[in-house]
Amino acid sequence: MKAPAACTLEGGLSVDDAAGSITFNLVQPDAEFLQKLAVPHASILPASAPLKDAGTDPIPGTGPYMIASYDPNKLMKIVRNPHFKEWSKEAQPAGYPDEIDYEFGLTDEAAVTAVENGQADWMFDPPPSDRLAELGTKYAAQVTVHPLTAMWYAPMNTNLAPFNDFRVRQAVNFAIDRAAIVKLFGGSNLAQPACQILPPGFPSFAAYCPFTANPGEKWSAPDMDKAKQLVAESGTAGQEVTIITEDTTVSKAIGVYLQDVLNQLGYKTSVKPISQNIQFTYIQNTNNKVQISISQWFQDYPAPSNFLQVLFSCASFTPGSDASVNISGLCDKSIDASMDEAEAATIADPAKGATLWTAIDKAVTDKAPVAVLFTPKRVDVISSRLKNFTFSPQFYWIVSQSWVE
């Protein structure tokens, strides 16, 4: 990145046309390399693919389906790819439907009604909370709920007052009523309280919550007395704090709730919503001097490093950049060393690596660089005629494995 003209990746690939093989020559072992190749960031494209946004002109792919037509305001029509041959059912199975029509433009409310009436088979957006009771009773057989490997959290800038004081970050974690925030998100049908970095069901996850009225495996209730004691010890009460949120209803509501919490702790707090198109990059850039914000993180692939190393390593903190995903700015050399050790162990001794990542999860959580709020859940509503609904924590509904009757 420092010298892009010299970055040609020369020697990075060895291609054997006769054998039909490609060899990636890495500078060091990478236990997660195959997972990285399997996510959309690493899609294989034709050499003729443009080095710019292709707009509405589909680029040929390698899967069982191809885009026949695409109108971003109306419809994307997907049909079978005549060149696809199933070489491995485990790696890439053939699909069941002959055609998939992906329509755009309906409101969330209208989309729910269309699925209920059999005019559509699924909706991309989660159903609005005011329809959940109806779906959970009259249409319960058509609803599935899955916890996502993700988190909503409040990054606190460890390099700016008052959050450069460890006690203040602890206080925020103790003071938050995570059950109240879950209600703001839509209730227990849509989220579950959380206070550690790794989400439930994720590799190396071991239930852990030090920031609750009864520290242990699960969050139980806020401890405002403990929080106020920590703020008093820090001597930071009275300072001004601004919370940066997205301009969405939920993000703003959570921001207003945190404003009330911080005010109770003795701070002079305001909320600043900004467009969700720019909020994520804005809160990453240290030039904007963001003290605390509301953000989300969804797994790229199921590896502990995808949360811990990506979000909290020194390497992920780049001052003055819009791409500094370590929003809290935490840089702990000892934790970094532990991460490097865990990465190396994952290759040589996976069981040892998994144990090390569990310890790192606790270590980062204890540093309180963020306040983890909850783990969201995915609610899918499908039509009564749709069969074999298959859910993946990575890609959600696997459309190609369903059919209609």
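L26 is partly exposed in this predicted model, with a relative accessible area of 42%. You will find L26 in the loop between β2 and α1. It belongs to a nonpolar patch on the surface, together with L13, V15, I22, F24, L34 and L37, and the accessible area of the patch is about 680 Å². Three elements each supply at least two residues of this patch: β1 (13-16), β2 (21-24) and α1 (33-38).

Now let's turn to the charged side chains. K36 and D30 meet in a salt bridge, 2.8 Å from N to O. Both partners are partly exposed, K36 at 33% relative accessible area and D30 at 25%.

Further along, D101 forms a salt bridge with K77, with 3.3 Å between the closest N and O atoms. This pair links distant parts of the chain, since D101 sits in strand β5 (residues 99-103) and K77 in strand β4 (residues 75-80), 24 residues apart. Strand β4 also holds R80, whereas D98 lies in the loop between β4 and β5, so their pairing ties together parts that are 18 residues apart in sequence. The D98 and R80 side chains come to 2.7 Å, N to O. D98 is exposed at 55% relative accessible area, while R80 is partly exposed at 33%.

Finally, look at the open sheet of three strands, ordered β10-β9-β11 with parallel pairing. Its edge strands are β10 (268-274) and β11 (292-293). Two bridges join β9 (residues 240-246) to β11, and I243 stands opposite I292 in β11. Helix α7 (residues 249-264) packs on this sheet, touching β9 and β10, and its direction makes about 165° with that of β9.

Terms used
Residues are numbered from 1 along each chain as its sequence is written. This is a predicted model: local features need pLDDT of at least 70, side-chain atom pairs count only at pLDDT 80 or more; totals for chains, interfaces and linings use all residues. Side-chain values use heavy atoms; hydrogens and water are left out. Two strands pair if DSSP finds at least two bridges between them. Helices (H or I, at least four residues) and strands (E, at least two) are DSSP runs, numbered from the N terminus. Contact means heavy atoms within 4.5 Å. Axes are lines fitted to C-alpha atoms, for helices over the stretch in contact, and angles run from 0 to 180 degrees between N-to-C directions. Patches are made of residues with over 30% relative accessible area and no salt bridge: like charges are joined within 9 Å, nonpolar side chains (Val, Leu, Ile, Met, Phe, Trp, Tyr) within 5 Å. Accessible areas come from the Shrake-Rupley method with a 1.4 Å probe; for residues, only the protein chains shown count as cover. A salt bridge is a side-chain nitrogen of Lys or Arg within 4 Å of a carboxyl oxygen of Asp or Glu. Buried means under 20% relative accessible area, exposed over 50%, partly exposed in between (1.4 Å probe, protein chains only).
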